[in-house]
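Hello,

Here is the structure I promised to pass on to you. Please open it alongside this message, and my notes on what turned up follow below.

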Amino acid sequence: MHATLLIALYAFAGAAATGLVGAVVLRLIRRRSLTASLAVVAAVAVLAMLAGTLAVAWAMFLSPHDLSVVTTVVAMAAVVSLATALLLGRWVVARSRELAAAARSFGDDGGYAAPTTPATAELDALSRELAATSARLAESRQRERALETSRRELVAWISHDLRTPLAGLRAMSEALEDGVAADPDRYLRQIRAEVERLNDMVGDLFELSRIHAGTLALAPARISLYDLVGDALAGADPLAREQGVRLVGHSVAAVPVEVDGKEMSRVLGNLLVNAIRRTPADGTVAVAAERSADGVVVSVTDGCGGIPEEDLPRVFDTGWRGTHARTPPAGAGLGLAIVRGIVEAHRGRATVHNIPGGCRFEVTLPLAEA
């Protein structure tokens, strides 16, 4: 038992010394190829066995013949181990290079194509992660392109909408200044109307910027949906009378909701103004509100004749104005984008679909907690 313990100690000392040297070498070549690291690991395994054997031979006075036999066996094992480590290293490095080449397509707006050659479980898992990342990047690029297109359209439309009233304001102010205005009071009323329209446009831009920046501060309060819709109908009634459009709001349930009253009034006001302006004279705009499986649904139905199917997905995009673009009082195409932003900030959703003779905008809000 005592001799066995000594053999174990001498063998461990020799192997430990070799392992320590191997660890130092691995640290020195940590930035080199994986093949070199595998070769060092294989060499350490064989040399550790050889060092332990030599230590035991020196301590136990192993015969020269036996020591030669052991050394030869270890040398052959070293040759096989190193060859295997080199082959394994080259194979792993080759798979890693294929993976790196496939990942380079990310920077070229391309998709990720996984290597077809089988790889290790770790490299295969990395390939799946890269494929998932590629899909997310593709979606992000698509959203970025859509936002950039929308932003450019918005700048173009806003520039047009600002240039037209500003030119009119300049002409009217010059006429008043030169004293050539036939009816100064009418010019002043027109100037005030144009200034109000510009002020509304700037307000919409500010509201939309807060929504996009995520800084829209809500102050939710428990409100009856009946009162909320009633106030919105009262506010839109003068415009409806001016346009010769009937407002109907008979199917409104007195359901409590927890919303920001000011912002939600803006949502309903935008929807009603949009519906009234798109509905021909003697037409009807109907408002309804009822419970549903998802919460509370507020709908505004108009008589616009319907929206082309290809335009339905863009209705709530920033700057979208349909077929009446660039013709006052169509506005800057921000109203429906503001509607969607405010509704989504309330954890709801805004949708639109065509009905016979018009379309219906629906706002779904969560029910107030009991």
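Let me start with a strand pair: β2 and β4, the latter covering residues 284-292, run parallel to each other and are joined by five bridges. Within this pairing, Val248 sits opposite Ala286 of β4. Please keep in mind that this is a predicted model.

The two strands belong to an open sheet of five, ordered β2-β4-β5-β7-β6, with mixed pairing. At its edges are β2 (246-252) and β6 (349-355); each has a single partner strand, so one side of each lacks a neighbour in the sheet. On average, neighbouring strands here are turned by 20° against each other, ignoring direction.

Now to β7, which spans 358-365. Six of its eight residues are buried, so β7 is largely enclosed by the rest of the structure. With β5, β7 pairs in the antiparallel sense through six bridges, and Thr301 stands opposite Arg360 of β7. With β6, the pairing is again antiparallel, over seven bridges. There, Asn354 has Cys359 in β7 as its bridge partner. β6 and β7 form a hairpin with two residues between the strands, and Gly357 in this hairpin adopts a positive phi near 90°.

Helix α7 (residues 261-278) lies across β2, β4, β5 (295-301) and β7, and its direction makes an angle of about 175° with β7.

Elsewhere, two helices pack against each other: α5 (residues 184-213) and α8 (residues 335-345), at an angle of about 35° and with axes 10 Å apart. Their crossing is left-handed. On the α5 side, the residues involved are Asp204, Glu207, Leu208 and Ile211, and they meet Ala337, Ile338, Gly341 and Ile342 of α8. Sorted by class, this contact has five nonpolar residues, one polar and two charged.

The chain has a mean pLDDT of 77, and 77% of its residues reach 70 or more. Over residues 324-330, pLDDT stays under 50; for this stretch the model has eight contacts beyond four places in sequence.

Best wishes

Notes:
Residues are numbered from 1 along each chain as its sequence is written. This is a predicted model: local features need pLDDT of at least 70, side-chain atom pairs count only at pLDDT 80 or more; totals for chains, interfaces and linings use all residues. Side-chain values use heavy atoms; hydrogens and water are left out. Axes are lines fitted to C-alpha atoms, for helices over the stretch in contact, and angles run from 0 to 180 degrees between N-to-C directions. Helices (H or I, at least four residues) and strands (E, at least two) are DSSP runs, numbered from the N terminus. A crossing is left-handed if the near helix is turned anticlockwise from the far one by less than a right angle, and right-handed if clockwise. Contact means heavy atoms within 4.5 Å. Ala, Val, Leu, Ile, Met, Phe, Trp, Tyr, Cys and Pro count as nonpolar, Asp, Glu, Lys and Arg as charged, and the others, Gly among them, as polar. Two strands pair if DSSP finds at least two bridges between them. pLDDT is the predictor's confidence in each residue, from 0 to 100. Buried means under 20% relative accessible area, exposed over 50%, partly exposed in between (1.4 Å probe, protein chains only).
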